[in-house]
Amino acid sequence: MSVHEPGWTRQPGREDSELPKQALALLLRLLGTSSLTALVFVAAPHSWMISIHSSLGMGALPEAPVVWYLARSTSAFYALLGGLFWVVSFDLRRYRPIVTYLGGSVMLLGVVLLIVDWAEGLPRLWTAWEGPFVAAFGLTVLVLAKKIRE
């Protein structure tokens with residue numbers, strides 16, 4: 001009986017769950033890799049960060065210890081999160097509750113980033129891109145995680 005014949009009922013099989021699983025693993029690894037690149041800024045020279053800040057049209061980067069602390073510790077945190085994305089991507093069934101938590105948390109983080117970016121007057125392109133992208137990533141992780149069978 002083919003898919004198009006009357007009376008055919010779809011019996012979800014192993015192959016039905018493989019595509020979401022592969023897509024989710026790839027997505028987590030891509031974003032994990034992207035987050036891991038933040039390791040560069042844990043040790044990058046101040047001149048690099050000053051130049052990037054200026055090129056984004058945000059004026060002069062304040063020269064204060066708290067600025068460097070926040071830039072470096074936030075970069076380290078992004079890298080840590082990127083490593084976690086990689087770890088869970090290798091056993092999505094086992095780590096499904098963690099992946100679901102990450103998806104929901106990252107989606108909420110995207111909403112928070114959108115509000116913070118707007119409230120703090122970051123450039124419009126930054127505001128329009130960062131929060132919505134992060135929220136969409138989290139939502140996509142949630143949707144794909146729900147399709148993975150235990």
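The model is predicted, so to speak of local features we need pLDDT of at least 70, side-chain atom pairs count only at pLDDT 80 or more, and totals for chains, interfaces and linings use all residues. Residues are numbered from 1 along each chain as its sequence is written, and side-chain values use heavy atoms, with hydrogens and water left out.

Let's start inside. The largest nonpolar core has 19 residues. By nonpolar core I mean buried Ala, Val, Leu, Ile, Met, Phe, Trp, Tyr and Cys residues joined through side-chain atoms within 4.5 Å; buried means under 20% relative accessible area, with a 1.4 Å probe and protein chains only. Among the residues with the most contacts inside this core are Phe85 and Phe137. Helix 6 gives the most, five residues. Helices here are DSSP runs of H or I, at least four residues, numbered from the N terminus.

Which residues does phenylalanine 85 contact, leaving aside neighbours within four places in sequence? They are Leu28, Leu31, Gly32, Leu102, Val106 and Phe137, where contact means heavy atoms within 4.5 Å.

Finally, look at serine 35, in helix 1. Buried or exposed? Serine 35 is buried, with a relative accessible area of 11%. Not counting residues up to four places away in sequence, Ser35 touches Tyr78, Ala79 and Gly82.

Notes: Buried < 20%, exposed > 50% of the residue type's maximum accessible area, 1.4 Å probe, protein only. Helix = DSSP H or I, 4+ residues; strand = E, 2+ residues; numbered from the N terminus.
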